[in-house]
Every structure is written in structure tokens, then in C-alpha cells.
Amino acid sequence: MDIAKRSTEPVVVQTLRSVTAATMSYVVALWLTDVPAPLLAPLTALLVVQVTLYATLTTGIRRVNSVIAGVLVATAFSTLVGLSWWSLGLLLLTALTVGHLVRVSEFVPEVGISAMLVLGVSQVTGAALDRVVETVIGAVVGLLFNTLIVPPVWVRSASQDIEEQAARMRELLRRLSEETEEGRTPVHRAAAKLAEARRLDQDIAQVDASIIQAEESVRFNPRVKEPLLTRIVLRTGLDTLEVCAVILRTMTRTMTDLAARREEEPLFPPEVAPAVQELLSNLAGAVDSFATLITSQVSTAADEAEAFLAVELDAARISREHVAQVLLARVQEHPRHWQLHGSLLAEIDRMLTELDLDKRAEQLAEELDRVSRQSRARHPRLRRISETGRRALRKASRGRYGHRRV
């Protein structure tokens, strides 16, 4: 999966914002300093203007500290020694050490980078104080720009990634259902589907990165209504799909083993195959409806998705019971593969449980409770406000996302 396939609108917006902030900081630095080319100001602005407002407020200060620390180290070196191979090595050693001392975390390398850039510029201009002023100007402009002009929201992109992940799972389930009516299934063909199911784990990791970005983009963002609920719905929805992906991988493993044991026979007896095909098709539809449910931003669409999901799950449960009864009668006559048939039914039961609407509602309620407890522990004085907000979130979740019992 390629995350770059997501909607390009936020990317374009963020690019324009970065360019604008850097240009503004350059103009301000020209106005406030005597440096003919104050390039450190736009450099710092580019570092500070993060993809999300939350990232700016949480990491912007560390970025500023890392740049200023590098500037100060380079200023001292430009006064004491010249630029040579040994002074460059000593500069980097000092800068990285200072970065750890001032606790800029993941931005320690930027202390060294800033120090090298400033040392090279300082050799030409000799105006060390101006470098600090440029850095501060760029940092202030970047922070103000990201605070006043809110960064784009990445919820739509994350929703698209979730839907694409669900679509891949749906198609794999449908192809598995087709195998049940094609007579003999070669082992290599079943193994190819197992390999595809294993790749779903890698796709989940990439979708998770997209969800993290979406979660950060809604925090402190005034353009987003119910940011906490949005984050929880997407995160818990991806967690469910991740569990379903693991179950699907186990199902393909079972069917591969079944194909290996029934090399000259169909995967399922003729009287069982149509019911298994219908069951897997219903599961595919349920996965698709579940993805629509958790990514719908309009309550009407969520209600429709919930209705479709309920229908698919009910149909899948009926098909599952029919398959179990037919297989039970078959096993009593031919008990060769009862372990694999039972394993397949157990895996289907687990997936139905994960996609169940009542479990989904309980999962959302538990997550809301957990977040509320953490908030009260961090901010005891805001307990009354958090309780009010929690009740509002529960009400909003029923109306917006179509979950009946949140």
C-alpha cells in the first residue's frame, strides 16, 4: 500500500503553508536585522511549521531549542577557532553533547546541523548575534503562523486508508469464497492467498501511521467537532480490522492445509461448498460495511452502514450455523478433516464477534471511560468538565456514528 495515494489536498495545503511561513519569516528578518540574506529565519520556520497543530505545539519548542543551541555553540566556535576538519569534528561532538544536555529528544541531530550551517555563515559575516535573532524570528513566525492559520485535517486521508485496507480484506474473502466452487484447489494457489493475507499485516502498519497523523491533526484544531470521538472511532476501528486481518491470515492458513490434504478433491464436499461460499461472501460484505461505518462523517451514511452491517452479520451467522450442521453430519461419515473444518468455523466465529455491533459499542464506551480516567488523573480540577464532555461525547457518538449503545 502506498500512503502517497491518499487525498492530495492536505499535502498541497501544507506545502503552501510552509512556503508562506518561510517567506514571511525572511521578510520579517530583513526588516528587523541588518543581515543581507537572513536565511536562518526561513530555515527555522520550515522546521517549526509542522504537519499538524498538535505537533507544532508539542515539538516546536524542542525544535527551537535545538536550533538555538546549535547557533550558540557555533557562535562560540566561530569566535575561538576557525573552520577546519578537526574543529568541525569538535563542533559536532560539542553540539550533540549539548543537545542531550538541553533535552531536545529526537532533535539532537538538528543541534549539530544548525551548528554547522551557522558556523559556515558566521565565517563570512561574523555577525553571530544576528544568527540568534534570525533563528528566534523564524521560530516565532512559524509558531504564530501555525497557531493562527490552522494546519489541514488528515481525517479524510486516514479514512481512505482504512477503507482501502478493508477493501483488500473484502476482496481476499471473496476470492476465498470463489475457491469453494472451483473444484480442486491447487496448494500453490491457496498458498498465494496465504501470502497475500500475511501482507495485510504490513498494510496495517502503514494505515496505523496514517491514523497517528490524523489523531494529531484533530488535537487543538478548532475546525474539528468532537476531536476526541473522531480519534477514538478511527483508532478502535483500525484495532478491530487488525484483529480481523490476523484471523483472516489464520483462515487462509487453514484452507492451505486443507488444500494440501485434499489434493485430488475439492476443498469442501459438494453439499457443503455453496453454504461456505455464501458464508465467506457475507463476511466480505460485513468487513466492507464495518469500514464504512467507522469512516462515515455524516450520521445518515453511518446509519445506512450500520444497517448493512447488521444484515450481513445476521446472514453470516445463519450461513455459519448451516455450514456447521452440514459439516457435522459429514464429519461423522468421513472424519478425516474434522480438525481443519472445526478450526475454520472457530476463526469465522472470532471474526463475527469482532465485527459485532454490540461489541463495537462496548469497545467505544470502554475507550471513552479510559480516556476520561486519564484526563481526570492528569487534571483533577477539571473532573466536572470532563464528566460533562464525556456525556456529550456519548450523545454525539449515538447521533453521528450510528452506534446505539455508546
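**Exercise 1.** At roughly what angle do the axes of helix 7 and helix 8 cross, and within what distance do they come?

*Solution.* The model is predicted, so local features need pLDDT of at least 70 and side-chain atom pairs count only at pLDDT 80 or more, while totals for chains, interfaces and linings use all residues. Residues are numbered from 1 along each chain as its sequence is written, and side-chain values use heavy atoms, without hydrogens and water.

Step 1. Helices are DSSP runs (H or I, at least four residues) numbered from the N terminus. Axes are lines fitted to C-alpha atoms over the stretch in contact, with angles from 0 to 180 degrees between N-to-C directions.

Step 2. Helix 7 (residues 155–179) and helix 8 (residues 187–218) have axes that come within 8 Å and cross at roughly 165°. Helix 7 is therefore roughly antiparallel to helix 8 (over 145 degrees; under 35 counts as roughly parallel).

Step 3. The contact of helix 7 with helix 8 comprises 13 nonpolar, four polar and eight charged residues (nonpolar: Ala, Val, Leu, Ile, Met, Phe, Trp, Tyr, Cys and Pro; charged: Asp, Glu, Lys and Arg; polar: the others, Gly among them).

**Exercise 2.** Describe how helix 10 packs with helix 12.

*Solution.* Step 1. The axes of helix 10 (residues 273–295) and helix 12 (residues 338–355) are 11 Å apart, at an angle of about 25°.

Step 2. This makes helix 10 roughly parallel to helix 12.

**Exercise 3.** Which side chain meets that of Asp257 in a salt bridge?

*Solution.* Step 1. A salt bridge places a side-chain nitrogen of Lys or Arg within 4 Å of a carboxyl oxygen of Asp or Glu; the count comes to 13 salt bridges.

Step 2. Arg253 is the partner of Asp257, at 2.9 Å from N to O.

Step 3. Asp257 and Arg253 are separated by about one helical turn because they lie four residues apart in helix 9 (residues 227–261).

How values were computed:
Helix = DSSP H or I, 4+ residues; strand = E, 2+ residues; numbered from the N terminus. Parallel < 35°, antiparallel > 145°, perpendicular 65-115°, else oblique.
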